[in-house]
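Subject: Structure for you to look at

Hi there,

Here is the structure I promised to pass on. Please have it open while you read the notes below.

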Amino acid sequence: MNIIEFFVPSEQVVCKSCGYVMGKNQLRDKCPACGVAAKMFEPYVEKISFYRRVVLFLDIHPIFVHFPQAFTFTSLVLVILCLSISGSLQSTLLATLKTLSFCLPITVAASIAAGLFDGKTRFRKVTTPILKKKICIGSLFLILSFANLFLLLCQPVSKSVLTGSLILVFLCFLCTLMLGLLGARLMNSKFPG
């Protein structure tokens with residue numbers, strides 16, 4: 001669906017096999033998403049309000065979560081490299097690691113805020129079972145990211161500090177994986193109205 005169709009929707013159809021929604025005028029001989037025959041499409045009626053559709057179309061939360069995911073993965077690689085090498089290159093990598101570690105809690109907090117807004121928009125509450133799990137894991141992620149930042153602020157940064165950072169960043173990485181798996185299950189879920 002392009003942005004013009006989103007704001008001024010044409011008659012839409014949905015694939016009964018995979019749930020892909022598109023303008024009826026775009027339908028050809030098969031579904032562009034899963035490849036089943038066009039006869040598998042049926043008329044689609046949007047079941048959410050225009051305001052909620054606009055908010056969800058902007059994908060605020062999915063965009064925000066890419067920052068902590070990328071920072072966590074990059075930090076994991078940098079910690080491993082810092083443990084593997086020494087000298088001036090290690091100092092440069094350590095400075096980059098500290099910068100990412102400073103930014104990580106900020107991006108996690110922003111993602112949590114965007115997630116709460118997204119959850120409230122989708123389900124009119126943030127107390128659904130999966131959202132509760134995401135809030136708990138996100139809170140743990142935030143605590144771990146702050147712990148890693150405080151650990152890396154120790155001077156001088158030793159091998160034991162880097163090993164502790166490796167453990168904390170790996171736990172952060174596991175949080176991003178769990179949050180991503182839970183979030184993917186919710187992408188197309190929303191209350192009607």
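A crossing of two helices is called left-handed if the near helix is turned anticlockwise from the far one by less than a right angle. By that rule, helix 5 and helix 6 make a left-handed crossing. Please keep in mind throughout that this is a predicted model.

Let me stay with that pair for a moment. The axes of helix 5 and helix 6 (residues 159-186) come within 9 Å, with a crossing angle of roughly 160°. Angles over 145 degrees count as roughly antiparallel, and helix 5 and helix 6 are therefore roughly antiparallel to each other.

On its other contact, helix 5 meets helix 4 (residues 88-123): their axes also come within 9 Å and cross at roughly 165°. That makes helix 4 roughly antiparallel to helix 5. Here, too, the crossing is left-handed. Among the residues making this contact are L97, F102, P105 and I112 of helix 4, and I135, G138, F141 and L149 of helix 5.

Next, L78, which is found in helix 3 (residues 60-84). L78 has a relative accessibility of 8%, so it counts as buried. With residues up to four places away in sequence again set aside, L78 touches L93, T96, L97 and L100. L97 also belongs to the contact that helix 4 makes with helix 5. From L78 to I60 there are 18 residues in sequence and 28 Å in space, C-alpha to C-alpha.

Finally, some backbone details in the loops. Most residues other than glycine have a negative phi, and most peptide bonds are trans. Against that background, there are these cases to check:

- D59, in the loop between helix 2 (50-57) and helix 3, has a positive phi of about 50° without being a glycine. D59 is partly exposed, at a relative accessible area of 30%.
- R124, in the loop between helix 4 and helix 5, is not a glycine either, and its phi is positive at about 65°. At 43% relative accessibility, R124 is partly exposed.
- Q155 and P156 are joined by a cis peptide bond, with omega about -10°. P156 lies in the loop between helix 5 and helix 6.

Best wishes

Note on methods
Residues are numbered from 1 along each chain as its sequence is written. This is a predicted model: local features need pLDDT of at least 70, side-chain atom pairs count only at pLDDT 80 or more; totals for chains, interfaces and linings use all residues. Side-chain values use heavy atoms; hydrogens and water are left out. Axes are lines fitted to C-alpha atoms, for helices over the stretch in contact, and angles run from 0 to 180 degrees between N-to-C directions. Helices (H or I, at least four residues) and strands (E, at least two) are DSSP runs, numbered from the N terminus. Angles under 35 degrees count as roughly parallel, over 145 as roughly antiparallel, 65 to 115 as roughly perpendicular and the rest as oblique. Contact means heavy atoms within 4.5 Å. Buried means under 20% relative accessible area, exposed over 50%, partly exposed in between (1.4 Å probe, protein chains only).
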